[in-house]
Amino acid sequence: MNGLLLYLLCFSILVSGILAVSLRNLLAAVASAGLASLFAAVCYIFLGAPDVAMTEASIGSGLSVLIFLYAVRRTSAARE
Amino acid sequence: MIELVGGVLILLGAAFHFSAGLGMLRMPDVYTRMQAATKASTLGNTLVLAGIAFFHPGWSLKLIVIVYFVFMTNPVSSHALARAAHAIRNSMGRTPVVDALSDAPQDRQWVMWRILVAIVVASFGLIFATVAISHVEQQSLRPLAESYVRLVPEALRAPNVVTGILLTYRAFDTLGEVAVLFMVAAGVGLVLTSSERGNDDDPGPGRRAVMQSSEVVRTGAQVLGPLTAIFAAYIIMNGHLSAGGGFQGGAVIASGIVLMLLASPAYQLDLEFLSVAESAAGVLFVVSGIAGLLFAGGFLDNRILPLGDFGAFFSAGAIPLLSVLLGVKVGCELSVILDRFRP
């Protein structure tokens, strides 16, 4: 059961990673990159590393997503 | 004999490196210089590494991996540089015979590029798959890990072995990591502030309209913000007892700041206060390290404070203190980085 859930999580990381690379809509791509790292954080909890999960969740799906969003906004404002 | 072959290969590689340097000096414009430097130095690197492989056959696998990365990164980076030079209309030395990028018909290149990417991804997948398949879970700890697991609760009275290692046995590495983070923050500030600050003082009417977040986000931030702060404080203060510590707590602080900035985008962080707090935390971290040098076993030895009882809140020497300093430092640095990226 636990192993199955872990495989499911890994599959979700893969899917959201591929989506992050291939989506044309930049906001959706950023959101999907954040989702990938959120899945990774849950994975870490299952593998018994809650401290790594904390860092991954706050930096991977919080900080870096916001930085990407700011960058997207800046560049799209410059293009207009 | 084998060493002779290796020596000749290294010498040949050095000759190519020399020609790369010569090309950098003698070629007329950025494209030809780039070509000379990249081609010759890629071949030179490969030859030197091949020569080393003759001297140390045991290193062959690592050397092959290095060659692979050189092959992957060197042409790609110089290609990107050349493209950038072309994009900003860097002039060519003479009238070019052909300028492939002038009105690039890119369809065929696009297909080639996709095939190349697919091959690279597949080879990485193969490497990871072999590693994952051959992975066997260890039944017992390695000697180093075992001694740490035994030593940290015993000598430091800290139940959380990870924090004990991070802030005692590897505290110097932690200091280095924080220094790296500091340099990142400084670099981001250097790159992003100089030209952008000018138009921040005068937000146009269009910008003001963007600077307003939805009711849901604001209310959610009001509820979650204080909870995040308390959680961060808990993680930092209990770093020696349960999972967490300074780094994690600092990251949680910064994600609380993320929430705040999302809720009220016009809010100005007090950068001066943040940098003063960050520097003070760094200085105190080093000072406590020097205190360890004077009063205990060595630099950053945290037995300068009483060790206390195993599992108590005030225990494990100076680890909680160092945790707090680390949390303040990391939180301030990440917040400053975040602020630099704001539009």
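Buried, in this tour, means under 20% relative accessible area, exposed means over 50%, and partly exposed lies in between. The model on screen is predicted.

**Stop 1: Lys329(B) and Glu333(B)**

Select Lys329(B) and Glu333(B) in helix α12 of chain B. They sit 4 residues apart, about one turn of the helix. A salt bridge joins them, with the closest N and O atoms 3.4 Å apart. Are these two residues buried or exposed? Both Lys329(B) and Glu333(B) are buried.

**Stop 2**

Glu278(B) is buried, as is Lys329(B). Show all three side chains together: Glu278(B), Lys329(B) and Glu333(B) are linked in a network of salt bridges.

**Stop 3**

How many salt bridges does a search of the whole structure find? Over all chains there are 3. For another salt bridge, go to Glu215(B) and Arg218(B), whose side chains meet at 3.9 Å, N to O. Both residues lie in helix α9 (residues 215-237) of chain B, 3 residues apart, about one turn of the helix. Color by accessibility here. Glu215(B) has a relative accessible area of 54%, so it is exposed. Arg218(B), with a relative accessible area of 32%, is partly exposed.

**Stop 4: Gln248(B)**

Move to helix α10 (residues 246-263) of chain B and select Gln248(B). Its relative accessibility is 9%, so Gln248(B) counts as buried. Now display its contacts, leaving aside neighbours within four places in sequence. Which residues does Gln248(B) touch? From chain A there are Asp51(A), Met54(A) and Thr55(A), and from chain B there is Ile235(B).

**Stop 5: helices α2 and α3 of chain B**

Finally, select residues 30-55 of chain B, which form helix α2, and residues 60-87 of chain B, which form helix α3. Two packed helices are described by the angle between their axes and the distance separating those axes. For α2(B) and α3(B), the angle is about 180 degrees and the axes are 10 Å apart. That angle makes α2(B) roughly antiparallel to α3(B), because angles over 145 degrees count as roughly antiparallel. Color the contact between α2(B) and α3(B) by residue class: there are 15 nonpolar and 9 polar residues, and no charged ones.

Notes:
Residues numbered from 1 in each chain as written. Chains lettered and ligands numbered in written order. Predicted model: local features only at pLDDT ≥ 70, side-chain atom pairs only at ≥ 80, totals over all residues. Heavy atoms only, no water. Axes fitted to C-alpha atoms, helices over the stretch in contact; angles between N-to-C directions. Helix = DSSP H or I, 4+ residues; strand = E, 2+ residues; numbered from the N terminus. Parallel < 35°, antiparallel > 145°, perpendicular 65-115°, else oblique. Nonpolar A, V, L, I, M, F, W, Y, C, P; charged D, E, K, R; others polar. Salt bridge = Lys/Arg side-chain N within 4 Å of Asp/Glu carboxyl O. Buried < 20%, exposed > 50% of the residue type's maximum accessible area, 1.4 Å probe, protein only. Contact = heavy atoms within 4.5 Å.
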